[in-house]
Amino acid sequence: MSDRQNSAVQNTEMNEKIITIDELLEEFDFLGDWEERCDFLIDLGFELPPMPETEKTETNRVHGCQSMVWLTTDLQESEGRKVLRINADSDALIVKGLIAVLLAIYQNRTPDEVLKIDVKDYFSRLQLDKYLSTQRKNGLMGMVERVQQEARVLAEQN
């Protein structure tokens, strides 16, 4: 990862390395072509916090994805707010990068904030809708639907 890419990854209070969506958009503008962007996504995937093997269960699996994807959510207290905490993993490098995109968009937001985000606008601005295969787009939307479903349940509980 370049110095510029390293500086775009930050440590949060939960000890994770997560790029913000604004940093991701800026980086994609800087990189220019899809091959460089794809390499950057793969690099981001390597920075994902590890998911314990015990959480890689059928219950946590996201169906509709071409690759194996596992995703869990919970609420954590952060600066007086209950925010969504997402942990996810995949057996495919590019999908790990797409998980990093989802974390950039959704991590550390309240369930209500998650439900109001126009994720398709972000995907369009990142040109994911243009360069991802149909199967990858379907899998990405499967992950989005899962996060939104979990956010709805958590919003109702609180």
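At what angle do helix α4 and helix α8 pack, and how far apart are their axes? To see this in the predicted model, select residues 93-106 for α4 and residues 134-157 for α8. The two helices pack at an angle of about 40°, and their axes lie 11 Å apart. The crossing of α4 and α8 is right-handed.

Next, display the side chains at this contact. On α4, select I94, V95, L98, I99, L102 and Y106. On α8, the partners are R136, L140, M143, V144, V147 and Q148. Classified by residue type, the contact of α4 with α8 comprises ten nonpolar residues, one polar residue and one charged residue.

Select residues 21-31, which form helix α2, together with α3; α3 spans residues 34-46. Here the axes come within 8 Å and cross at roughly 145°. The crossing of α2 past α3 is right-handed. From α2, the contact is made by L24, E27, F28, D29 and L31. From α3, it involves W34, E36, R37, F40, L41 and L44. The contact of α2 with α3 contains seven nonpolar and four charged residues, with no polar ones.

Select N60, located in the loop between α3 (34-46) and β3 (69-78). Is N60 buried or exposed? N60 counts as buried because its relative accessibility is 16%, and the cut-off for buried is under 20%.

Key. Residues numbered from 1 in each chain as written. Predicted model: local features only at pLDDT ≥ 70, side-chain atom pairs only at ≥ 80, totals over all residues. Heavy atoms only, no water. Helix = DSSP H or I, 4+ residues; strand = E, 2+ residues; numbered from the N terminus. Buried < 20%, exposed > 50% of the residue type's maximum accessible area, 1.4 Å probe, protein only. Axes fitted to C-alpha atoms, helices over the stretch in contact; angles between N-to-C directions. Left-handed = near helix turned anticlockwise from the far one by under 90°. Contact = heavy atoms within 4.5 Å. Nonpolar A, V, L, I, M, F, W, Y, C, P; charged D, E, K, R; others polar.
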